[in-house]
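Please look over the fold below before reading on.

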Amino acid sequence: GPMPLTVSSGSAAAKEQARVRIGRPGYEVTKSRDPATNQRCLTFYLHYPEVDDPASVQPRHRFMSAYEQRVESPPGGRYQYLLVACDPYETVAFKVPAEPIDRGEGRFVTNWDREEKRFTLTFYYLNPKDDDKAGAMDVS
């Protein structure tokens, strides 16, 4: 009958409204160090409870240099931005030091927990000390 039709159109309209109004996800950032290497580590936890279908949505991230952004003027070269985007939420930008990031095995990890609707991103900075040591070893 017409009843389910009315209900579905109503929920679709409500969904449209929610999509427009939705704000930033909840998030938490933790800093730590790798006890073995002493590398600095940052972990970002973002919570997206309003995502309708977590199986079909995957939060995306990218780094943006201070020179690409328009928020701060003049841009600070010592920082870069980690952007995380997930519809229907606003994109969040985290300001992090613009230092070399360790792209080695298990050093840059992302995880999308579909049950909890939580996105986790962890990365490590390369140690400046390690760079110096490697440079010195190459020279000698």
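What follows covers the overall layout, then the strand β4 and the strands on either side of its pairing.

This is a predicted model: local features need pLDDT of at least 70, side-chain atom pairs count only at pLDDT 80 or more, and totals for chains, interfaces and linings use all residues. Residues are numbered from 1 along each chain as its sequence is written, and side-chain values use heavy atoms, with hydrogens and water left out.

Start with the whole chain. It holds two helices and seven strands. These are DSSP runs, numbered from the N terminus: helices are H or I with at least four residues, strands are E with at least two. The order along the sequence is α-β-β-β-β-β-β-β-α.

Now the packing. Of the 140 residues, 30% are buried, meaning under 20% relative accessible area with a 1.4 Å probe, protein chains only. The accessible surface is about 9,500 Å² (Shrake-Rupley method, 1.4 Å probe). Carbon and sulfur atoms own 52% of that surface. Take contacts, heavy atoms within 4.5 Å, between residues at least 6 apart in sequence: 52% of them join residues at least 24 apart.

Next, zoom in on β4, residues 79-85. Six of its seven residues are buried. β4 pairs with β3 (residues 60-65), antiparallel, over six bridges; pairing requires at least two DSSP bridges between two strands. Within that pair, Phe63 has Leu82 of β4 as its bridge partner.

β4 also pairs with β5 (residues 92-97), again antiparallel and over six bridges. Here Tyr79 meets Pro97 of β5 as bridge partner. β4 and β5 form a hairpin, with six residues between them.

Definitions and conventions: Buried means under 20% relative accessible area, exposed over 50%, partly exposed in between (1.4 Å probe, protein chains only).
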